[in-house]
2 protein chains.
Amino acid sequence: MQRTSYRDMECPVARSLEEVGEWWSILIMRDALLGLRRFDEFQQSLGVAPTTLTRRLNALVDNGLLTKRRYSERPPRDEYLLTDKGRDFQSVVLALLTWGSKHLSGPEGPSLQVVDRHSGTPVTPTLMDAGTLQPLTTRNTSLIAGPGAGPEIHNRIDQVTRRREAKERTR
Amino acid sequence: MQRTSYRDMECPVARSLEEVGEWWSILIMRDALLGLRRFDEFQQSLGVAPTTLTRRLNALVDNGLLTKRRYSERPPRDEYLLTDKGRDFQSVVLALLTWGSKHLSGPEGPSLQVVDRHSGTPVTPTLMDAGTLQPLTTRNTSLIAGPGAGPEIHNRIDQVTRRREAKERTR
């Protein structure tokens, strides 16, 4: 499928999607965050074609989310370790997991649970403001143009402002 | 591109990816969360082909993230409003935005900023445990099988356990 490259877009959401590439990459990151490291482990977990897996692993290494380390010389074998940038991606995977667990679970409940590593107590992943410790919702947050905003972002923010003004007028 | 349907997978991350469908759907959700509602607004913001936009909007309505409301009879025009399920998706969009802003911004800084709607103060979106108010990291969390876990999840968790045991042995 042909498509625009999101990399050209200014928006950090679009750039993140371009950087991570496609669904398989997110599932590879999920497995890496879960603790898998080796090609065979990813393959067994994902059931993906080896060529696809190689391509996606290489892209994640090129983009700096994973790093490759040789663990055997004969036969030559590499394992894939998370970088700090890759570890930071956990918030995206946990946000998807939390949303999916809440809205897409069967009647028996969620299939995965996030727990505190030491105590084993279930945790409730919630997006909060680190400053005020308030949960972030659509009602208490807005997005504004940042210092790196160019015409694309400014246009979009202007659109939202026009929409909000139109809404005020119809009240 | 042919691919496995992630809907058949048990994992809530995979199911979420299937439900949201593709990159365009996430960018539509970003714009809806930003405050856009109308076809023309989404089209102008995304620069996507109308047929693609129609298909993705309909899929988001079918999956219950957006709801359609007629705002004009002549000509017939609908707007797309967020449901509670759609509003909950904000945590995924903000997680992508935060990761992208940190790791993919240019030298001039991030192009978008999340602020408190009322005070305008910048907020720092952080994934935390709502119970303990501790930030969640790869070092203090684990994933375990939940009540809805079937063979797929159990196999993957077993794999991780084997990997961890192998690591202990080489220490």
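Predicted model: local features only at pLDDT ≥ 70, side-chain atom pairs only at ≥ 80, totals over all residues.

**Where the two chains meet**

Guide: Chain A and chain B bury about 9,700 Å² between them, and 63% of that area is on carbon and sulfur atoms. Buried area is the accessible area (1.4 Å probe) that two parts lose on being put together, summed over both.
Visitor: How many residues are in contact between the chains?
Guide: On chain A, 99 residues are in contact with 99 residues of chain B. Contact means heavy atoms within 4.5 Å.
Visitor: And how many salt bridges between them?
Guide: There are four salt bridges between chain A and chain B. A salt bridge is a side-chain nitrogen of Lys or Arg within 4 Å of a carboxyl oxygen of Asp or Glu. One of them joins the side chains of A:Asp31 and B:Arg156, at 3.6 Å from N to O.
Visitor: Which helix of chain A gives the most to that side?
Guide: Helix α6 (residues 90–104) of chain A does, with 14 residues. Helices (H or I, at least four residues) and strands (E, at least two) are DSSP runs, numbered from the N terminus.
Visitor: What kinds of residue make up the side of chain A that touches chain B?
Guide: That side divides into 46 nonpolar, 27 polar and 26 charged residues. Here Ala, Val, Leu, Ile, Met, Phe, Trp, Tyr, Cys and Pro count as nonpolar, Asp, Glu, Lys and Arg as charged, and the others, Gly among them, as polar.

Visitor: New topic, strands. What does β4(A) join to in chain B?
Guide: Five bridges join β4(A) to β4(B), and the two run antiparallel. Two strands pair if DSSP finds at least two bridges between them. Within this pairing, A:Thr126 has B:Met128 as its bridge partner.
Visitor: Which strand of chain B does β5 of chain A join?
Guide: Strand β5 (residues 141–145) of chain A is joined by five bridges to strand β3 (residues 112–116) of chain B, again antiparallel. There, A:Thr141 is bridged to B:Asp116.
Visitor: Back to β4(B). Is that strand buried or exposed?
Guide: Five of its five residues are buried. Buried means under 20% relative accessible area, exposed over 50%, partly exposed in between (1.4 Å probe, protein chains only). On one side of β4(B) are B:Pro125, B:Leu127 and B:Asp129, and on the other are B:Thr126 and B:Met128.

Visitor: What about helix α1 of chain A, how many of its residues are buried?
Guide: Eight of the nine residues of α1 (residues 12–20) in chain A are buried. Among them are A:Pro12, A:Leu17 and A:Glu19. The cover includes α2, α4 and α5 of chain A, together with α2, α6 and β3 of chain B.
Visitor: α5 of chain A came up there. Is A:Lys85 buried or exposed?
Guide: A:Lys85 lies in helix α5 (residues 84–88) of chain A and counts as buried, because its relative accessibility is 16%. Leaving aside neighbours within four places in sequence, its contacts include A:Glu19, B:Trp99 and B:His103.
Visitor: And where is A:Thr83?
Guide: A:Thr83 is in the loop between β2 and α5 of chain A. Its side chain reaches the backbone oxygen of A:Leu65 at 3.1 Å.

Visitor: What is the phi of A:Leu133?
Guide: A:Leu133 has a positive phi of about 60 degrees, although it is not a glycine.

Definitions and conventions:
Residues numbered from 1 in each chain as written. Chains lettered and ligands numbered in written order. Heavy atoms only, no water. Polar contact = N/O pair within 3.5 Å; in protein donor to acceptor, adjacent residues only side chain to side chain.
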